[in-house]
Amino acid sequence: MTDGLRALAGKAMRVALMRFTQTPWSGTVTGAVVTAILQSSSATIVATVGFVSAGVMGFTAALGVVFGANLGTTATGWLVALLGFKFRLGNLVMPLIFIGTALKLFSKPKLANAGYALAGFGLIFVGIATMQTAMDGMAGVITPDRLPPASGVGLVQLISLGLVTTLITQSSSAGVAATLTALHAGSVNFVQAAALVIGMDVGTTVTAVLAALGGSVNAQRTAAAHVVYNLWAALLGLLLLPAYLGFWGRFVPGGLPANPEVALVGFHTAFNVVGVATILPLTRPFARLITQLIPSRGPAYTEGLSESLLAQPELALAAAQRSMKAELLALVGHLQAILEDRPGQRVDLGELQAALDETHVFLDKIHLETGTEPNWERLINLIHALDHLQRELIDTGAIRDV
């Protein structure tokens with residue numbers, strides 16, 4: 001379903017991420033909405049890492065998207081809990097899967113992508129029904145007593161198990177759905193299920209970390225912020241769990257036994273809401289903390305030139321343009337320092353030359369299929385501009401020698 005939605009609305013979602021993330025607050029709302037639509041926090045975070053790496057999104061604004069993505073990913077749990085368990089749509093969605101499959105196989109790309117998403121939507125509930133049947137057959141084999149206790153070391157083991165589940169599936173939503181099924185079948189009790197969900201929430205950060213490997217400093221900071229924030233939300237979840245259990249026991253008719261699946265999804269949403277509410281007002285201090293943890297590596301001319309951007313030519317070109325702008329400003333500043341006889345403000349021309357060479361190599365790696373692509377003219381203009389920069393650098397070195 002995520003693949004279909006990403007192909008169908010991915011471009012619009014990327015535009016929304018870039019357009020409506022001017023502040024951490026707007027970024028949080030946008031990140032939550034985009035994640036709820038795409039049904040994948042990983043898709044949102046990986047896109048954000050790419051934007052930050054290319055320089056089209058600031059690090060502080062990206063933090064809002066990180067916070068919102070965690071909140072948006074809880075939408076899948078509500079979908080499963082309300083439609084999968086309350087209405088039991090396993091058999092009713094078969095026509096949807098048939099229609100979606102037919103559209104995918106026999107329609108033009110746009111309808112094919114819609115069909116892919118529709119079939120994926122239906123398969124969620126078939127999967128839930130299948131897991132329920134399987135869990136019913138495991139009654140007495142997998143029981144709460146056979147799992148670690150939800151206290152002390154056992155709680156840490158359960159959280160670790162949830163984390164490993166997400167590492168394997170690369171989807172916290174899949175893990176949450178499986179946990180809901182186990183809770184429904186009585187294979188885990190509520191506290192054990194809550195600990196598993198906390199671990200899955202932390203495990204979802206691995207995808208962002210992998211996306212940032214080899215990326216720019218800001219991309220690595222974004223991934224690190226995702227990890228730190230999720231650890232904070234997990235800690236809040238552990239602290240809030242007793243109060244949450246008390247709330248359900250006192251104020252909800254029937255308590256946990258009547259609606260365990262809804263209660264679990266509600267807990268997942270609750271600790272993420274509290275996490276966002278506590279961290280969002282502190283976004284700028286939080287950004288400074290992450291910046292101190294991952295400092296810049298020397299001059300920042302080419303820190304945005306990440307190999308991971310080459311798969312998205314538009315972002316790769318934006319990163320190259322940003323680097324060239326930094327190199328141009330450094331060169332102009334150096335010329336001004338020469339003319340005004342300020343030796344202490346001159347730049348290292350050898351370092352600047354190396355940065356220009358690195359930018360040149362990066363531009364050579366951007367492959368466009370045909371000369372009619374919208375980005376083709378932009379690529380040619382950047383190559384010409386880089387050639388002029390190289391010439392100006394040579395002239396500047398001659399001026400210095402004189």
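The 23 positive and 23 negative charges of the protein have mean positions that lie 12 Å apart. This value, like every other given here, is computed from a predicted model. The accessible surface of the protein comes to about 19,100 Å², and carbon and sulfur atoms account for 65% of that area.

The overall architecture may be described next. The protein contains 18 helices and zero strands. Its C-alpha trace spans about 85 × 55 × 30 Å along the principal axes. Of the 402 residues in the protein, 47% are buried. When contacts between residues at least 6 apart in sequence are considered, 79% of them join residues at least 24 apart.

In soluble globular proteins, nonpolar side chains tend to be buried together. In the present model, the largest nonpolar core has 54 residues. Those that touch the most other members are Leu63, Phe67, Leu180, Phe190, Leu264, Phe267 and Phe286.

Helix H11 covers residues 205-212, and within it Thr205, Thr207, Ala208, Ala211 and Ala212 are buried. These residues lie on the same side of H11, because they cover an arc of only 160° around the axis.

Asn272 is located in helix H14, which comprises residues 260-279. Asn272 counts as buried because its relative accessibility is 0%, and the limit for this class is under 20%. With neighbours up to four places away in sequence left aside, the residues in contact with Asn272 are Asn70, Leu71, Thr74, Asp201, Tyr229 and Ala233.

Ala319, in turn, belongs to helix H16. With a relative accessible area of 1%, Ala319 is buried as well. Beyond its neighbours within four places in sequence, Ala319 has contacts with Ser53, Ala54, Gly304, Leu305 and Leu309. Ala319 and Val52 are 267 residues apart in sequence, yet their C-alpha atoms are 9.4 Å apart in space.

Gly344 provides a contrast. This residue lies in the loop between helix H16 (313-339) and helix H17 (349-364). Gly344 counts as exposed because its relative accessibility is 77%, where the class requires a value over 50%. Gly344 and Gly77 are 267 residues apart in sequence, and 59 Å separates them in space from C-alpha to C-alpha.

Finally, two residues fall between these classes. Met1 is found in the segment before helix H1 (2-19). Its relative accessibility is 23%, so Met1 counts as partly exposed. Not counting residues up to four places away in sequence, Met1 touches Gln39, Ala117, Gly120, Phe121 and Ile124.

Ile380 lies in helix H18, formed by residues 374-401. Ile380 is likewise partly exposed, because its relative accessible area is 29%. The C-alpha atom of Ile380 is separated by 9.6 Å from that of Leu363, which is 17 residues apart from Ile380 along the chain.

Definitions and conventions
Residues are numbered from 1 along each chain as its sequence is written. This is a predicted model: local features need pLDDT of at least 70, side-chain atom pairs count only at pLDDT 80 or more; totals for chains, interfaces and linings use all residues. Side-chain values use heavy atoms; hydrogens and water are left out. Helices (H or I, at least four residues) and strands (E, at least two) are DSSP runs, numbered from the N terminus. Buried means under 20% relative accessible area, exposed over 50%, partly exposed in between (1.4 Å probe, protein chains only). Contact means heavy atoms within 4.5 Å. Accessible areas come from the Shrake-Rupley method with a 1.4 Å probe; for residues, only the protein chains shown count as cover. Lys and Arg count as positive and Asp and Glu as negative; His and the chain ends are not counted. The place of a charge is taken as NZ of Lys, CZ of Arg, CG of Asp or CD of Glu. The arc is that of the directions from the helix axis to the C-beta atoms. A nonpolar core is a set of buried Ala, Val, Leu, Ile, Met, Phe, Trp, Tyr and Cys residues joined through side-chain atoms within 4.5 Å.
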